Amino acid sequence: MPPIPTTIIVGAGRMGRGLGQLLVDRGASVRFAVRASRSELPAPFGLRTDPATYRGGRWIILATPDDAIRPTAADLGALGVVSRTSVIFHLSGARSTSDVLKPLRLTGAALGSFHPLQSLAVPATAVERLPGSFVGIEGDPRAVRAARRLARFLDMTPVAIPEDGRAAYHAAATFVSGYVTALYATAVEIAVEAGVEARAARRMFRPLLEGTVANLGLLPPARAMTGAVPRGDLATVEAHLDALRGEHRDVYAALGRRAVALARTLPDPSPRLDAILRTLSGKPRSRR
């Protein structure tokens with residue numbers, strides 16, 4: 001495979017640094033465009049406002065916060081560093097290319113998005129985590145071809161995301177990553193309130209979460225789901241609700257109702273799902 005073109009990464013956040021590290025490790029020519037000197041970057045850098053920083057770079061990746069993509073695109077246009085031979089990617093999962101890269105439309109450059117479906121709290125983990133991950137792509141035909149080429153270079157799997165579906169697609173990704181993290185923190189809080197030592201509470205659910213992820217790799221979600229709801233264990237659901245208060249109880253009930261809907265798709269759903277749903281919806285409990 002021929003090497004990819006020299007790539008300029010604008011911004012040095014976690015995903016930008018992670019992508020840069022992986023590209024460098026795979027032999028790509030990379031340069032960062034940053035606001036000020038940075039010592040921890042995995043590749044040479046120059047100032048964003050210096051046209052020389054972009055010299056020789058055919059691909060430019062805007063690795064900025066979502067709200068900064070359009071202003072950054074406008075800045076690049078004003079610098080005169082984008083031409084018809086350029087390919088510009090942004091890393092946002094939710095924003096449409098036609099919107100955030102609109103300031104560059106008249107340059108003739110190919111405009112597109114490259115959104116890695118991976119969580120990089122620590123940029124150095126990109127070398128292990130990005131290969132094998134999926135990446136959402138969208139944009140002009142030439143940009144999409146370049147995005148597929150970049151994905152192959154990084155051993156990632158590209159998935160086309162329709163422009164009008166990007167916000168919903170990104171919301172789905174948020175459920176899997178950010179909201180799972182929030183749920184984990186909620187579980188830790190509940191365990192600590194129940195009397196579990198805080199350090200143990202932060203660690204003890206990790207093997208359970210890893211087992212759940214492993215199950216999802218083997219089975220569809222309905223069959224991978226375990227616990228009181230798919231078993232039809234009404235008494236346990238009632239005990240859980242009795243033990244929880246406030247927001248914790250509300251979150252449990254909302255997710256429980258979603259679990260009931262999922263459990264109904266099983267080949268032999270529990271006959272107690274209706275009673276569980278009534279309980280989770282706050283309706284009076286029927287006598288048993």
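The model is predicted, so local features need pLDDT of at least 70 and side-chain atom pairs count only at pLDDT 80 or more, while totals for chains, interfaces and linings use all residues. Residues are numbered from 1 along each chain as its sequence is written, and side-chain values use heavy atoms, with hydrogens and water left out.

A patch takes residues with over 30% relative accessible area and no salt bridge, like charges being joined within 9 Å; a salt bridge is a Lys or Arg side-chain nitrogen within 4 Å of an Asp or Glu carboxyl oxygen. Arginine 145 counts as exposed because its relative accessibility is 55%, the cut-off being over 50% with a 1.4 Å probe and protein chains only.

Next, select strand β7 (residues 134-139), which pairs with strand β6 (residues 110-116) in the antiparallel sense over five bridges; pairing requires at least two DSSP bridges between the strands. Here histidine 115 stands opposite glycine 136 of β7. Strand β8 (residues 157-160) pairs with β7 in the parallel sense over four bridges, and proline 158 in β8 is the bridge partner of valine 135.

Finally, select Glu189, Glu193, Glu247 and Asp250, a surface patch of negative charge, to which α7 (178-193) and α13 (246-263) each supply at least two residues. Aspartate 250, found in helix α13, is exposed, with a relative accessible area of 54%.

Definitions and conventions
Patch = residues over 30% accessible without salt bridge, like charges linked within 9 Å, V, L, I, M, F, W, Y side chains within 5 Å. Areas by Shrake-Rupley, 256 points an atom, 1.4 Å probe, with all protein chains shown as cover. Lys, Arg positive; Asp, Glu negative; His and termini not counted. Charge placed at Lys NZ, Arg CZ, Asp CG, Glu CD. Buried < 20%, exposed > 50% of the residue type's maximum accessible area, 1.4 Å probe, protein only.
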